[in-house]
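Open the model in your viewer and keep the selection panel at hand.

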Protein chains: 4
Amino acid sequence: MIIASVPDFREAARRRLPRFLFEYMDGGSYAEVTLRRNISDLEDIALRQRVLRDVSDIDLSTSLFGAHQALPVALAPVGLAGLNARRGEAQAVRAANAANVPFTLSTVSACPLPEVAAAATKPFWFQLYMIRDRAFMQDLLAQAVEAGCSALMFTVDMPVPGSRYRDYHTGLAGSGGLKGAAWRVAQAMVRPEWAWDVGVMGRPHHLGNVAPVLKGNTGIEDFFAWMRGNFDPGINWRDLDFIRSQWKGPLIIKGILDPEDAREAAKAGADGIVVSNHGGRQLDGVLSSARALPPIAEAVGDDLTVLADGGIRSGLDVVRMLALGAKGVLLGRAWSYALAARGQAGVAHMLRLIEAEMRVAMALTGCTRIDQINRSILAA
Amino acid sequence: MIIASVPDFREAARRRLPRFLFEYMDGGSYAEVTLRRNISDLEDIALRQRVLRDVSDIDLSTSLFGAHQALPVALAPVGLAGLNARRGEAQAVRAANAANVPFTLSTVSACPLPEVAAAATKPFWFQLYMIRDRAFMQDLLAQAVEAGCSALMFTVDMPVPGSRYRDYHTGLAGSGGLKGAAWRVAQAMVRPEWAWDVGVMGRPHHLGNVAPVLKGNTGIEDFFAWMRGNFDPGINWRDLDFIRSQWKGPLIIKGILDPEDAREAAKAGADGIVVSNHGGRQLDGVLSSARALPPIAEAVGDDLTVLADGGIRSGLDVVRMLALGAKGVLLGRAWSYALAARGQAGVAHMLRLIEAEMRVAMALTGCTRIDQINRSILAA
Amino acid sequence: MIIASVPDFREAARRRLPRFLFEYMDGGSYAEVTLRRNISDLEDIALRQRVLRDVSDIDLSTSLFGAHQALPVALAPVGLAGLNARRGEAQAVRAANAANVPFTLSTVSACPLPEVAAAATKPFWFQLYMIRDRAFMQDLLAQAVEAGCSALMFTVDMPVPGSRYRDYHTGLAGSGGLKGAAWRVAQAMVRPEWAWDVGVMGRPHHLGNVAPVLKGNTGIEDFFAWMRGNFDPGINWRDLDFIRSQWKGPLIIKGILDPEDAREAAKAGADGIVVSNHGGRQLDGVLSSARALPPIAEAVGDDLTVLADGGIRSGLDVVRMLALGAKGVLLGRAWSYALAARGQAGVAHMLRLIEAEMRVAMALTGCTRIDQINRSILAA
Amino acid sequence: MIIASVPDFREAARRRLPRFLFEYMDGGSYAEVTLRRNISDLEDIALRQRVLRDVSDIDLSTSLFGAHQALPVALAPVGLAGLNARRGEAQAVRAANAANVPFTLSTVSACPLPEVAAAATKPFWFQLYMIRDRAFMQDLLAQAVEAGCSALMFTVDMPVPGSRYRDYHTGLAGSGGLKGAAWRVAQAMVRPEWAWDVGVMGRPHHLGNVAPVLKGNTGIEDFFAWMRGNFDPGINWRDLDFIRSQWKGPLIIKGILDPEDAREAAKAGADGIVVSNHGGRQLDGVLSSARALPPIAEAVGDDLTVLADGGIRSGLDVVRMLALGAKGVLLGRAWSYALAARGQAGVAHMLRLIEAEMRVAMALTGCTRIDQINRSILAA
Ligand SMILES: Cc1cc2nc3c(=O)[nH]c(=O)nc-3n(C[C@H](O)[C@H](O)[C@H](O)COP(=O)(O)O)c2cc1C
Ligand SMILES: Cc1cc2nc3c(=O)[nH]c(=O)nc-3n(C[C@H](O)[C@H](O)[C@H](O)COP(=O)(O)O)c2cc1C
Ligand SMILES: Cc1cc2nc3c(=O)[nH]c(=O)nc-3n(C[C@H](O)[C@H](O)[C@H](O)COP(=O)(O)O)c2cc1C
Ligand SMILES: Cc1cc2nc3c(=O)[nH]c(=O)nc-3n(C[C@H](O)[C@H](O)[C@H](O)COP(=O)(O)O)c2cc1C
């Protein structure tokens, strides 16, 4: 299959992964309204073409949280992504490091923090969920410090997990025990390449970081149950003090969709936020990121670093998000599809595509530096 | 079939019911414009996500017409629903009672009032149509009082019955006599499970409450003819006096779409109204409930209890309707699909789904009690 | 096939007619934008439901141009419609007469004026195109007077004929001579019922009224060529004087879409106009009738009788058009489909459907007389 | 296949061309948002029908840059179009000359300038890209002067080439060398008519004008690579001086989408501009031409000749663009499809269709001369 775009990587991933993994990655919660809005609202943002401005020298680099990076792009935390390829997060972090963009490791990754740290050649970011067991959180934070993580992303939009109907249909959620497992094995059997390369050779399939607290129930059928049982719905602004006491580096709050919450985050001393609806995987029906972003950037853009994610499928979309007020973006499914399709080389290829596409978008809107991208490049 | 949502129950019902029953339940009148609007307009209502508010303690209970209930939800009156499963309304009322939400028995139910009363463990609501024969109405009202019904829902949007093209295509409407019956039998034959369980074992198939006045013509082919002949198009505000003289309990007028009519209902002394277009089954082309509701709630929300129904397919939709101004909602097709798919257990499962989905919606809009749900949780 | 609606008649017609006839009737010009808009814009007009108004006594009758009729509906002039069934216009006029609604005979009908007059039991309307040969027009007008036609509909939106791509694809237009004829015969062969009943038994297939001037070239392959050659693009307001000199009865100008033209028509002494885009068959891209109508009714509604047509597929649509300002409507494809599907009985059935549907729409908007229908029954 | 419209020509081209050529011509860049908008935004422009104005004498002719032409239409520069038929540009220029509309030869045509000049019977226009090698540009300009070209179209919206995913999928882009070539040969094999007529008999397949600088790498697999390497991203307003110094005739800047750039073009002394997004093939997500045009025409319509292209698929669309402010339009895919489908005769046929369709549009908007077409013929 010839790959020329992120949607091509999606299709290649669909062909390679067992269905339960593909649908898990591809799907959204409930009626998937927000999932669709993320993409269609971005598409509706019209760029303003300018011509005959010398664009021979385009610089895509930027700095986020004090570190220089090649593109205003980072890989988003994606739980279980490591199952998309053998020891997947280790492959992904290498691709990200090589391209000089930050990689974010999810709390619920397949590879544990130390394994990713060993694979990495540059500092990476770590994403943390609020978990009832504070001692365990403390332990994770200590590991992140130990691994030299350069930023902590604290995800706040999952006080309770949303329901993704597709996961029930594939047996990933809901059907505990043998029945679900048998159903997943059947789905893996028709993807023999993945079954051998990842399923067999990529073992063990612990959820790297949370394995200790899963206490032996390491199968992914326990994953959602564990999340329901251990995620803390009592999470609130005061909990940030606890995090702050354990983490002195840059702190990014992920999952903000409202200007008031953004202001609160600034007041609470966050260094950055991610305007995000969790890729349409939590509260279905909320605004797309593209629509939520502008008033938030307006409200707090001067006080902290506003990132955004959701629905970005090309370098053009990256430029749109920057024009709407983001200083940088996260790619979620984009890199996950690429990893599933072609492993580390896929992630590298995907990042090259994003770069090339950003170049065209900047050239034709007349921008040569990232900080020139703003609302003036959008058509009224 | 794995069921994780109301749309799944719909699909399961489609597979289990004879076509004429499924289409009867699923369809709307004329071009089905309002049927589609009910769903798409709700989908368009954007929720406003809030984070880091302690939502560990969410209370979904509420009180309607003086009675406490577990969810701000009631099962809508659905004619013939009893045919979806063996002695269907009896099964449904048990599921509703167990979940502590009101069940509403339709005038044109399959099980008669006393049968449902015998199955019920809690008071239920009774729905009444305006029928030419006032003595018969009086008799029905007496039965409702006798059965201890806790509210009377008086449906006013059917002075004449709308035409549902699907019912003609399946032979449920229009083709009287043997031809229609044969066509329906053929449709039942390819659903042997239903044919045996309900068709054979669930007899008799009288229209429980109206059987006396159908005078021996008990087949459902007489149903629509009877409705056309006996429903009273002369129904008007003064008829409420007649009802009031027979019924001392809470009176809910169902089928209001206009603020002026809502004000009239308040003036006429109704205790509640249901903003409803009969699930898109009467005048096609009228506003969706989601669009009709806000000005009505504005106009009379302080004077009487405003309920709403139409297009609700998830707990998220329930929350949307409450945010638009309803104090509670009715579920029509949702419970009918569930009953057809899995009987009483299906209805119970469906209510658990609604509850779980409401919890996520409340948690992520930062609400912990039903009365906190209002327009402030909608994105501007 | 069970028929419960106008769309059902459409499907039945599709099954019965040779393709070239069905596509001719069903299609619109160019990209068919206006054809689609006619239907979707009507669908978008939201009705305002009112309840508890006594609607036991609904009167659908009205008067147009001094004559009483059962419904505010007339059959539109439809060229070649007579080919849809054996001696089609004669069948249609009988159905219309029986239902007491006006029938309009097209200039380019299959049955000539005298044949239709012989079949009719009531006066009908005659539609006239502007033709270069004024002597021929004079002759047609004389025939109409002779036949006792009760109104003249002068169609002004065809100074040049629009192109309907479907007609080229079926060989009805463009491929003159043997090739086109052979192609049409092939299409008729797979519709043997029509081929025998209409094709063979319904002869001759002259274009009844224009046969004299076609001078022996009577095949319909000459129809479009003749129209292109003989329709008068020089037609203008002054030509009305010529018509007026030949016709003393009610004069209706058909094909008005603009308020300025409507005012002109009033000034020129027309008795009525039809707001029409020729069913999306002339200038594609013009406004739907539903959108063009309100400002026109506003401009001239007091000065002349405003009728409208285009996209009406149910009695609900009739009520919508009246609410938008029309005093009556024309049905084009609705009766043509019905005639093709079931002949005279089909047209009668279709009119009963329209009536029943209007009744429901009026009952549920709280109207009991046609003159109560106005913008107040539309949702804001 | 019967052809009655530009979309028919598209379908015929799809059947005749090897896939890589069809997709190259048909496709747009990235997610093809702008490609779709070009068509749908034009479709949304509602024409205002007027009646009873004498339109017996319609004149479609106009003058552009001092030359009289039969229609306000020109054939757009289309790279590689010459491969659609044997020595394609030579055929197209003959058709254009016969119809008396300007033909524009692309820099990256298949036939070189002298070959087209030899085929032409009238002056044609030449389109120039900014190329790093100024000596080569100078040489091309000299050839254009030599060939008597009557206008120079300087395309400015390709400082860098956009990516068209379809071209990667067909192997036209991306897969250099043998693999891509083999894949293209396979696609040609299933189109034997084209393979023989064009592929074999139409040789050589140089890129006529740029062959000299391709230095022997003449296959089209080198085309995109060459464009990436030799197009000049440093192109800016000052480069116009260089052009002006070599070209004294009418200068048209192609690829303007913004009023500010349009004003700049006027200031820089251009004679005309083309409002264009390169047919949705460069920066995806920019405004459709139909939406970009009005403010530009407003800004500079008095100062220079505003042309427009993008999405025009009928004579109705031509009239819409004129109504939006263009003095003339370019047809891109329209003529390319026609050339692929039927060669020179196809292009001639397509132009006759456009003319006939324009006539209907003008007749029914009440215009008899091109300069009467303006915003007053659009519905508000
Ligand atoms: C399969 C999957 C798993 C995810 N897991 C996490 C996670 O563990 N932690 C987190 O903060 N966000 C998670 N997200 C959300 C992403 O970080 C990001 O917000 C989202 O994917 C952005 O939308 P996009 O996929 O359209 O780019 C996940 C997203 C996906 C698709
Ligand atoms: C199959 C069916 C039968 C119904 N029968 C009745 C009825 O007998 N009485 C009544 O008041 N409403 C009746 N309704 C309307 C429902 O009470 C309710 O208003 C509607 O179903 C709500 O829309 P929903 O189905 O989208 O939830 C019926 C609805 C359906 C779908
Ligand atoms: C097949 C066909 C033929 C028609 N022929 C004529 C005609 O001869 N004269 C005329 O004034 N209008 C003619 N019309 C237009 C109709 O009178 C009417 O305006 C149109 O059909 C209304 O739209 P509707 O078909 O959506 O109801 C024709 C329409 C159709 C569909
Ligand atoms: C296959 C193809 C090749 C093109 N090549 C050129 C070119 O070489 N130079 C140029 O200025 N524009 C080029 N264009 C853009 C056209 O000149 C024109 O702007 C565009 O086709 C107009 O849109 P339309 O195809 O929808 O009519 C090309 C367009 C197509 C479709």
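How many bridges join β3(D) to strand β10 of chain D? Three, and the two strands run parallel. Keep in mind throughout that this is a predicted model.

**Stop 1: the sheet of chain D**

Select Val73(D) to see the pairing up close. Its bridge partner in β10(D) is Val329(D). The β10 strand covers residues 328-331 of chain D.

Now widen the selection to the whole sheet. Eight strands of chain D form an open sheet, with parallel pairing. Trace the order as β3-β10-β9-β8-β7-β6-β5-β4. The edges are β3 (73-75) and β4 (104-105) of chain D, each of which pairs on one side only.

**Stop 2**

Move to chain C. Here eight strands form an open sheet in the order β3-β10-β9-β8-β7-β6-β5-β4, and the pairing is parallel.

Pick Val275(C): Ala308(C) in β9(C) stands opposite.

Then show helix α14 of chain C, residues 289-300. The helix lies across β7 (251-256), β8 and β9 of chain C. Its angle to β8(C) is about 155°.

**Stop 2: ligand 3**

Stay with chain C and center on ligand 3. Which residues come closest to it? Of the 22 that surround ligand 3, they are Pro77(C), Ser106(C), Thr155(C), Asp309(C) and Gly311(C).

- Gln127(C): a polar side-chain atom lies 3.2 Å from a nitrogen atom of ligand 3.
- Tyr129(C): an N or O atom of the side chain is 2.8 Å from a nitrogen atom of the ligand.
- Arg333(C): a polar backbone atom is 2.8 Å from an oxygen atom of ligand 3.

Now switch to a surface view. Taken alone, ligand 3 exposes 600 Å², and the protein buries 99% of that. Color the chain by element next: α2 (19-26) and β5 (125-129) of chain C each give two or more residues to the shell. By class, the shell around ligand 3 holds seven nonpolar, 10 polar and five charged residues.

**Stop 3: ligand 2**

Jump to chain B and center on ligand 2. There are 22 residues around it. Pro77(B), Ser106(B), Tyr129(B), Asp309(B) and Gly311(B) come nearest.

Check the polar atoms again.

- Tyr129(B): a polar side-chain atom lies 2.7 Å from a nitrogen atom of ligand 2.
- Ser276(B): an N or O atom in the side chain is 3.4 Å from an oxygen atom of the ligand.
- Arg333(B): a polar backbone atom is 2.8 Å from an oxygen atom of ligand 2.

How much of ligand 2 does the protein bury? Of the 590 Å² that the ligand exposes when taken alone, 98% is buried. In chain B, α2 (19-26) and β5 (125-129) each supply at least two residues of the shell. That shell divides into seven nonpolar, 10 polar and five charged residues.

**Stop 4: backbone geometry**

Most residues other than glycine have a negative phi, and most peptide bonds are trans. The next selections depart from that pattern.

Select Arg203(C) and Pro204(C). A cis peptide bond joins them, with omega about 0°. Pro204(C) sits in the loop between α9 (192-200) and α10 (211-214) of chain C.

Repeat in chain D. Arg203(D) and Pro204(D) are joined by a cis peptide bond, again with omega about 0°. The loop between α9 (192-200) and α10 (211-214) of chain D holds Pro204(D).

Finish the stop at Asn100(A). Its phi is positive, about 55°, although Asn100(A) is not a glycine. Look for it in the loop between α4 (88-99) and β4 (104-105) of chain A.

**Stop 5: chain pairs**

Zoom out and show chains A and C. No contact joins them, and their closest C-alpha atoms lie 22 Å apart. Now show chains B and D. No contact joins this pair, whose closest C-alpha atoms lie 22 Å apart.

Conventions: Residues numbered from 1 in each chain as written. Chains lettered and ligands numbered in written order. Predicted model: local features only at pLDDT ≥ 70, side-chain atom pairs only at ≥ 80, totals over all residues. Heavy atoms only, no water. Near = heavy atom within 4 Å. Polar contact = N/O pair within 3.5 Å; in protein donor to acceptor, adjacent residues only side chain to side chain. Areas by Shrake-Rupley, 256 points an atom, 1.4 Å probe, with all protein chains shown as cover. Helix = DSSP H or I, 4+ residues; strand = E, 2+ residues; numbered from the N terminus. Nonpolar A, V, L, I, M, F, W, Y, C, P; charged D, E, K, R; others polar. Pairing = 2+ DSSP bridges. Contact = heavy atoms within 4.5 Å. Axes fitted to C-alpha atoms, helices over the stretch in contact; angles between N-to-C directions.
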